Amino acid sequence: MASTNKQFHHETEEFLAAMLALQYGDGQNDSKALADFCVEKANHYGCPLQNAVQLGCGTGGVGYQLAKTFKEVIGVDYCARYLDAAITLQKTGEFRWPTPVSENDAKKPRTENGTITVNIPADVQRDRLTFKQMTWVPNEIPKVDLVLLDFLDRVSNPKAWWLRLWEIVTDNGIVVVISQKFGKDDLSADMEKQFDLLEEQEYQLQNSQGNPKVAMATIWKLKL
């Protein structure tokens, strides 16, 4: 019997291939766009650019782009298969996977003889990244200047991930939440106990098939 826990569904070859396509396909444009969006908001709100954490790092695509700006980046995910790929990329700069992405995918990483191959850009300092497997926001995550939370739509208990965000962001830092399911109306009852909402706006994403989808981006800052 298949598990009813949707998080377990991501521990499959199919989901790994889709995540690699999403984060590294089409020239890594989606990962770069999300990282650039976060850096733009950090600069706009006077946020320091020392360290960042991404909750929902997947195979690390966005984290590697953030590392072009931030001196330390922590990538957190519950999915061991995604993190194995991210750590391999950190160690070697390259990841090869024998399962090809579906031929219907509009975006693919480079393939050779049925093997997915992704590479980290040469201008990324890979030693700036640390990857951790966790299932909630724990005490061992330090306070950071940017928190990016962008996997609420694939976790089993989304609220558990946003309840303690105030513990891991610096006074001058920001929290960026991106979700198709959770906007300010869903988050405010909990978040506004500790945070001020700076803004909400639509953010356009693409899935691993290259299809556009609209999410909501909310930007938060601690109440002082």
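This note goes through an aromatic pair, a helix and a strand in a predicted model.

1. Aromatic pairs. The model holds five aromatic pairs. One of them joins tyrosine 78 and phenylalanine 151, whose rings are stacked, with 5.9 Å from centre to centre and 25° between the planes. The angle falls under the 30 degrees that count as stacked. Tyrosine 78 sits in the loop between β2 (72-77) and α4 (80-92), and phenylalanine 151 in the loop between β7 (144-149) and α5 (158-162), so the pair ties together parts 73 residues apart in sequence.

2. Surroundings of that pair. Tyrosine 78 and phenylalanine 151 are both buried. Ring pairs also bring in Trp161, giving a cluster of Tyr78, Phe151 and Trp161.

3. Helix α1. This helix covers residues 13-24, twelve in number, and spans 16 Å from its first C-alpha to its last, close to the 16 Å expected at 1.5 Å a residue. Just after α1, aspartate 26 has a positive phi of about 55°.

4. Burial in α1. The buried residues of the helix are Leu16, Ala17, Met19, Leu20, Ala21, Gln23 and Tyr24. Residues three or four places apart in an α-helix point the same way, because there are 3.6 residues a turn. The cover over the buried residues of α1 includes the helices α2 (29-44), α3 (61-66) and α4, together with the strands β3 (94-97) and β5 (115-119).

5. Strand β8 and its partners. Of the eleven residues of β8, nine are buried, and the strand is mostly covered. β8 runs parallel to β7, to which five bridges join it; leucine 146 is placed opposite isoleucine 174 of β8. With β10 (residues 212-222) the pairing of β8 is antiparallel, again over five bridges, and isoleucine 178 has alanine 217 in β10 as its bridge partner.

6. Serine 179. Where does serine 179 lie? It belongs to strand β8, which takes in residues 169-179. Why does serine 179 count as buried? Its relative accessibility is 1%, and the cut-off for buried is under 20%. A polar atom of the serine 179 side chain lies 2.9 Å from the backbone nitrogen of phenylalanine 182. With neighbours within four places in sequence left aside, the residues in contact with serine 179 are Leu152, Asp153, Ala215 and Met216.

Terms used:
Residues numbered from 1 in each chain as written. Predicted model: local features only at pLDDT ≥ 70, side-chain atom pairs only at ≥ 80, totals over all residues. Heavy atoms only, no water. Phe/Tyr/Trp six-rings, centres within 6.5 Å; stacked < 30°, edge-to-face > 60°. Helix = DSSP H or I, 4+ residues; strand = E, 2+ residues; numbered from the N terminus. Buried < 20%, exposed > 50% of the residue type's maximum accessible area, 1.4 Å probe, protein only. Expected span 1.5 Å × (residues − 1). Contact = heavy atoms within 4.5 Å. Polar contact = N/O pair within 3.5 Å; in protein donor to acceptor, adjacent residues only side chain to side chain. Pairing = 2+ DSSP bridges.
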